[in-house]
Amino acid sequence: MTRSLFIFFTVFTASLCTSCSHKRDSALLPKPTALGAAIVESSGGKQTAQAGTLLPQPLVVQVNDEQGNGVSGALVQFAGAAGVTFDPPNGLSDSSGQVTTNVSVGGEAGRYQIVATTFDKSHKKIELKVEEIALGYQQTLGRTLADQYCQRCHNPESTAERVSNYDNLEIKPHAFTEGDTYNKISDTDLAAVISHGGPALNKSALMPAWGNTISKSDIQALISYIRSVSDPPSRDAGPLFAKN
Amino acid sequence: MNAKLSTLWQSLFGNSVRAFGVVSVVFLCSLAIAPAKNHFSEWRHYQHGYLKMIRNRSEANTLQRHFQGGIQQIWLPDLGVVDRCTSCHVGLNEASLTDVATQPFRKHPVIPHKLDEFGCVICHRGQGAATTVAEAHNSTLAWEQPILPARYIESSCGECHRGALPGTPVLNEGRRLLARYGCVNCHTVKLADGTTMKATDDPPSLSHIADKTTREWIYAWLKDPQAYAATATMPNFKLSDDDARDMSAFLIANSTPVAGDSIALPAKPSSDPAAGTSLYGESFCASCHAVQNAAGNLVGGNVGPELTRVGNKVKPEWLSAWLRNPRTYDPGTAMPHYRFNDAQVATLSAFLQAKTDSDLLANVHLEAATPEQIAHGKRLVSDYGCASCHEIAGIKKPENFAPELSRIGSKPITQLLFLPGMPHTLPDYISGKIKQPRAFSPGLKMPQYTFTPGQVDALTTALLSLNDRSTTLPPSLTVPAVPESNYQPAGKAGKLMSDLACFSCHRINGHGGDMAPDLTWEGSSVQRAWLVSFLKNPGTLRPALIRRMPRFNLTDEETSELTDYMITVYQNPVIDRDSIPLSGYSAGEIELGRQLFYGKYSCQGCHILDSKNDKGYVGPTLTQVGSRLTAAWMYQWLKNPQSLRPGTIEPNRAMSDEDAQAITAFLMSQKGSTKKEVAKK
């Protein structure tokens with residue numbers, strides 16, 4: 001009994017504390033020393049991460065004046081749908097006008113809209129919206145498989161560990177993010193071209209057949225991944241989580 | 001007042017009929033509490049909401065048919081699962097409900113397991129038997145396991161799956177870090193299969209350290225390892241100046257010399273200033289060692305230590321001896337014995353010694369150590385558990401130096417001390433401990449690591465997977481990891497292979513690194529003459545690779561020793577090397593193979609065969625493959641590459657026997673022009 005009282009008490013005080021700290025958060029916003037005219041993304045939009053985890057790169061936004069030069073000392077606040085967290089959730093822009101935050105996407109797969117806000121000289125809100133992508137289990141598996149088997153040909157960019165083969169191909173494949181191409185191909189056709197190779201869709205044999213190498217469920221995972229990262233989004237890209 | 005009460009009493013219980021009536025009413029009311037509670041319960045509210053939601057959907061009828069009201073339960077006695085989550089999470093199994101924005105109605109995302117076979121709490125934690133939101137999701141008296149945040153969800157996969165899975169990158173990374181950063185050197189982690197987790201960081205012995213480096217360097221390193229090398233896995237112990245002074249004094253005083261680990265070279269470095277750079281490049285040191293370039297980026301591998309400031313660290317005489325034969329100083333090192341000649345050693349040594357940072361030791365001025373300082377240093381070295389990781393003469397490896405972590409993922413919250421402002425959950429506690437271990441109490445010895453936030457999450461995930469269930473699960477329900485074998489080749493060739501550290505990069509029979517090709521079946525796959533010339537002068541078969549096989553300057557005798565061993569011992573039982581001829585194919589067959597190669601199978605997408613026209617970078621170059629591979633291997637490879645090298649990305653094209661024969665004929669006709677090209681490639 002005393003134990004339950006104790007637990008109740010801790011939970012109660014904890015919830016009190018969290019509700020207080022919410023209030024404190026807004027009370028403790030840093031004081032801006034400048035106001036901007038526009039807010040733009042410097043880097044960190046359109047990244048993918050597993051649901052609930054940190055994006056690989058921080059989100060960097062920049063507050064500019066009318067001439068497009070960075071404004072230092074402007075307050076930027078970040079917000080997203082439930083589950084999205086920011087570290088830090090707000091900040092003053094640095095000497096080049098930039099504010100950097102580490103973003104964790106929400107716990108459910110889908111696209112998350114993130115809103116960065118600052119105020120202009122007339123104290124009107126100006127907003128920047130960026131989208132980030134959260135991958136579920138199946139899409140994460142698909143990403144691993146795509147990195148292993150496909151990206152060397154399909155991704156034109158090289159990394160230190162993986163030199164792209166894209167430029168060496170006579171007929172160019174599409175990057176999996178190219179929604180304009182992929183959204184027009186049905187799931188069945190995608191499965192067919194992956195399993196049986198390019199000729200299955202009257203495409204080049206430079207696209208090999210993977211049906212004897214990659215299992216059916218893994219091919220489904222690849223398709224699910226392709227759907228989740230396509231831009232513009234595919235109909236199966238998962239729900240869009242926006243604030244409110 | 002009293003009078004009023006007594007009239008009330010009178011009017012209620014004045015006679016027995018009245019009393020009976022009142023008591024009956026009270027009794028009835030109390031009977032109604034339970035049904036009323038049931039009626040107003042949360043799950044009923046959610047089920048109403050669900051029915052309302054599906055009414056507007058096109059597939060309403062199907063959904064309606066699937067719907068079952070009342071409390072739902074998944075009961076799995078084997079796993080100890082009694083989950084009623086589906087009472088509110090009604091649509092978890094409904095294929096069409098993937099687009100629902102309001103929870104708790106969305107379909108569960110695709111996972112490799114069926115909900116009916118595993119339930120919910122096995123992965124998500126929480127209290128499965130509860131029927132209210134708060135009790136199911138949050139910590140309560142009876143239940144120490146609130147819902148696990150999605151960030152750490154892969155930890156649950158790790159309870160049963162002991163090896164790496166393609167769908168759990170975070171868990172895999174966390175486990176790798178636990179081993180790589182030596183966490184398990186101090187913290188014992190016993191696994192359910194009875195083994196103990198092993199570190200992979202290979203910290204050096206400190207018993208002979210005075211031969212290798214100076215006390216000043218040790219001091220600077222102890223104070224801040226990452227200032228010397230950003231990639232250092234050694235953590236920062238936040239030592240005071242005096243403590244670092246005394247520990248460095250002890251380590252130097254305690255060090256004993258090793259015969260032959262320091263030499264004065266008879267040769268001078270090459271006068272060509274570029275010679276060092278090119279020898280470093282030709283020897284492919286960068287396959288294992290990283291160096292920071294002018295832009296501050298690390299270039300190179302991480303098998304060996306970073307060399308950006310190595311000139312600040314090593315003594316010239318030691319470096320010369322090390323480059324000549326590293327096994328003199330450290331018999332177990334992952335570094336190959338290159339067999340450089342003296343001039344090469346001198347050149348390379350001078351090149352490395354020039355890699356210095358003038359700031360690193362500029363402010364380190366140490367007076368000669370006193371016996372008290374040395375004694376104090378010794379005490380500190382054992383207090384901080386240095387011998388948990390490093391071999392140090394005269395100091396025993398401490399047992400159970402730090403708390404065992406085999407079940408850390410089930411630690412009750414009541415046993416934890418939290419920092420002010422920290423949420424009271426186990427994951428927050430674990431990640432807090434990793435982030436700032438010393439903040440929890442000033443006397444703690446756990447050092448400070450420099451992990452990124454993502455690495456902290458990965459480590460926390462791996463630690464959460466070490467819990468009561470993972471330790472007590474019956475073996476029949478677990479998926480074991482593929483154990484690393486301790487294969488060692490025998491005889492003279494085996495000695496030679498250890499000397500050349502082949503296993504640092506190559507894997508054979510389940511033992512060794514994964515940087516370079518698996519050599520388990522090398523004897524079936526290559527032609528003897530090619531292997532001899534490759535060992536003498538390795539080129540690369542993959543133009544796009546940064547990491548390459550170095551040249552070891554082997555003698556003819558060593559080369560043939562190795563070749564004979566590999567050709568005879570590393571034979572695949574299914575392949576008869578000599579069953580298919582190496583040459584003598586008809587022009588027609590070769591032409592057919594050529595057409596299949598460039599047409600139906602379009603191999604040129606990944607392989608270069610005609611170096612003028614083909615550009616593919618993914619697979620090895622095939623310009624002279626007819627002089628390299630055996631025809632029997634090639635045929636079997638074309639038929640089923642994964643049967644020879646599980647996991648290879650070469651697709652299995654399910655070729656007919658005829659197609660495979662024709663392509664084999666065509667490839668075998670690619671002999672390459674001259675010997676020289678074999679070497680260069």
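Predicted model: local features only at pLDDT ≥ 70, side-chain atom pairs only at ≥ 80, totals over all residues.
Of the 244 residues in chain A, 47% are buried. Among the contacts in this chain with a separation of 6 or more, 58% are made by residues 24 or more positions apart.

One of the sheets to look at in chain A is open and has four strands, in the order β1-β3-β7-β5, with antiparallel pairing. Its edges are formed by β1 (38-43) and β5 (85-87) of chain A, each of which pairs on one side only. On average, and with direction ignored, neighbouring strands of this sheet are turned by 35° against each other. In general, strands of a sheet pair through backbone hydrogen bonds, and this can happen in a parallel or an antiparallel way.

With β1(A), β3(A) forms five bridges in the antiparallel sense. Two of the residue pairs can be picked out here: A:I39 has A:V63 as its bridge partner in β3(A), and A:A38 has A:N64. With strand β7 of chain A (residues 98-104), β3(A) is again paired in the antiparallel sense, over four bridges. Here A:L59 stands opposite A:T101 in β7(A).

The side chains of a regular strand alternate between the two faces of the sheet. In β3(A), A:L59, A:V61 and A:V63 point one way, while A:V60, A:Q62 and A:N64 point the other way. What is the burial state of these residues, buried or exposed? Residues on either side of β3(A) are all buried, and the strand is accordingly mostly covered, with six of its six residues buried.

A bend of about 55° is found in α2(A) at A:D147. Because 13 of its 18 residues are buried, α2(A) is largely enclosed by the rest of the structure.

Attention now turns to the contact between the chains. Chain A contributes 37 residues to the contact and chain B contributes 42 residues. About 3200 Å² is buried between chain A and chain B, and carbon and sulfur atoms give 59% of this area.

B:T86 is found in the loop between β2 (81-83) and α5 (115-118) of chain B. B:T86 has a relative accessibility of 19% and therefore counts as buried, the cut-off being under 20%. Not counting residues up to four places away in sequence, B:T86 touches B:Q72, B:Q73, B:I74 and B:L92.

B:K315 sits in the loop between α16 (310-313) and α17 (316-324) of chain B. With 27% relative accessibility, B:K315 counts as partly exposed. Leaving aside neighbours within four places in sequence, B:K315 is in contact with B:A210, B:D211, B:K212, B:T213 and B:T214. Although B:K315 and B:A210 are 105 residues apart along the chain, their C-alpha atoms are separated by 9.2 Å.

The backbone geometry holds a few further points of interest. Most peptide bonds are trans, and most residues other than glycine have a negative phi. In chain A, the peptide bond from A:D87 to A:P88 is cis, with omega near 0°, and A:P88 is found in the loop between β5 and β6 (90-92). Another cis peptide bond joins A:D231 and A:P232, with omega about 5°; A:P232 lies in the loop between α5 (216-229) and β10 (240-241) of chain A.

In chain B, B:F284 has a positive phi, near 55°, in a residue other than glycine. B:F284 is found in the loop between α15 (275-282) and β3 (290-292) of chain B. B:A654 is not a glycine either, yet has a positive phi of about 50°. This residue is found in the loop between α31 (641-644) and α32 (657-668) of chain B, and B:A654 is partly exposed, with a relative accessible area of 48%.

Technical notes
Residues numbered from 1 in each chain as written. Chains lettered and ligands numbered in written order. Heavy atoms only, no water. Bend = angle between axes of the 7 residues up to and from the residue. Buried < 20%, exposed > 50% of the residue type's maximum accessible area, 1.4 Å probe, protein only. Pairing = 2+ DSSP bridges. Axes fitted to C-alpha atoms, helices over the stretch in contact; angles between N-to-C directions. Contact = heavy atoms within 4.5 Å. Buried area = accessible area lost by both parts, 1.4 Å probe.
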